[in-house]
Amino acid sequence: MDQTRVVVTGLGAVSSLGNTAVDTWQSARDGTIGIGPLTKFEADGHAAKVASEVHDLPVHDYLDRREVRRMDLFTVFATVGAIQALRDAGLEGAGALNPERTGIMLGVGFGGVQAFESAWNKLNARAPAGVEPLFIPKMMANSPVGHLAIKFGITGPGLVIASACTSATDAIGRALRCIRAGLCDVMITGGAEALLSPICFAGFGNLQALTTSFNDTPERASRPFDKDRSGFVLAEGAGILVIESAEHAAARGAKPYAELAGYGATCDAHHLTAPHPEGLGAQSAMRMALSTGGLKPEEVDYVNAHGTSTPLNDPVETAAIKGVFGEHAYRLKVSSTKSMVGHLLGGSGGVEAVVTIKALHEQFYPPTANLEEPDPACDLDYVPQRGVAAPMRAALSNSFGFGGHNGVIALKRAGA
């Protein structure tokens, strides 16, 4: 195991729970639910009518109008989150970053869907001349990386990871590997997504992935591990971290939130949309994260679950946690951020990493909202309804995605 220690020194977030990492965490800590009626477009004809929307983002506090005009919404979210994280880390100013020793690794599931949908509508209405010249740069999945590299003069590795709902977690894990390989001192990492569009709602709806059972009570719609769960709630936003080698952070006097200790990634090779029924790939990813993080299972106190609120995911994830932790699984606290913020798909692992890091930093376990009557197959401590203040040494953040992808990061309390 590589012994290079990597720490988290900056956090940024944009979500329905808040437009900063601090606000997103405070809402998650309090059990606030960011899910409401779908307002971004007309819901008539769609079976699902609830969503987790970002509201009142002060974009121009971060970007000028010319920059925003060149971006799809997912790039706006990623860029705002990254600026927040760099400010938080004390690395935004001139000369704060060594361009050649800084990299960007972001997770994006789909890219510029809203730019694509707009261009398609213009193509049908006005023929090819109606499609704006900036359509391709706005749609590209790597657009946030390009914008950030130009804005901050970053010339180190800049990559986008696309592994469905695991994208952001995989990006964080591979950013960790970049630092441990000696390629960079600092990485901007996490993920973003902006899929609240008619075509995506139709696609996920027809796949029967979205809940339609709580259209009249949207705040109850996302209910991981509950017997009445029926699908996930589509969300938008971003969660971004600044990570750096512990040596680099110490040299500049930075105070870390947590240590990013390990990462595991596997593929089920089972089904394009359903998890392996025994969660074997998920188990392997958790074990790999523990091993590369130098952690024993009994040293972990918290798992931020993938916890999608779908019929298949939640019992399979529960079984996978039991397979990895044995009897210690019943001493763990497990909760799902998605119960409050919904499912950001490629960006989920970024927001969930922010919440997990803050949970470690503040020694507080955020709750699983809407857990009223657990599914009998889901019999762990999911921190129902209310968060709990208690010691926390280490945590895992799980992400499992379409295509059979499994990604897990392991985090330790700073200084532990």
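Figure 1. The model is predicted, so local features require pLDDT of at least 70 and side-chain atom pairs pLDDT 80 or more, whereas totals for chains, interfaces and linings use all residues. Residues are numbered from 1 along each chain as its sequence is written, and side-chain values use heavy atoms, without hydrogens or water. A pocket is an open set of points, on a 1 Å grid over the protein atoms alone, where a 1.4 Å probe fits, with protein on both sides within 12 Å along at least five of seven lines; lining residues have an atom within 4 Å of a point. Volume is the space filled by probe spheres set on the points, which are joined across faces, edges and corners. Among the 32 lining residues, Thr273, Ala274, Pro275, Thr310 and Phe402 are the closest to the centre of this pocket.

**Figure 2. Helix 11, strand 13 and strand 14 each contribute at least two residues to the lining of the largest pocket.** These elements span residues 313-325, 394-401 and 405-413, respectively. Helices (H or I, at least four residues) and strands (E, at least two) are DSSP runs, numbered from the N terminus. Helix 11 provides the largest share, 3 residues. The lining comprises 13 nonpolar, 17 polar and 2 charged residues (nonpolar: Ala, Val, Leu, Ile, Met, Phe, Trp, Tyr, Cys and Pro; charged: Asp, Glu, Lys and Arg; polar: the others, Gly among them).

**Figure 3. The second largest pocket has a volume of about 250 Å³.** It is lined by 14 residues, of which Arg70, Met71, Gly146, His147 and Ile150 are the closest to its centre. Helix 2 (65-69) and helix 6 (143-152) each supply at least two lining residues, and the largest share, 5 residues, comes from helix 6. The lining divides into 5 nonpolar, 5 polar and 4 charged residues.

**Figure 4. Phe225 and Gln385 each adopt a positive phi of about 70°.** Most residues other than glycine have a negative phi. Phe225 occupies the loop between helix 8 (198-206) and strand 7 (236-245). With a relative accessibility of 1%, Phe225 is buried (buried, under 20% relative accessible area; exposed, over 50%; partly exposed, in between; 1.4 Å probe, protein chains only). Gln385 lies in the loop between strand 11 (364-365) and strand 12 (388-389). The relative accessible area of Gln385 is 38%, and this residue is therefore partly exposed.
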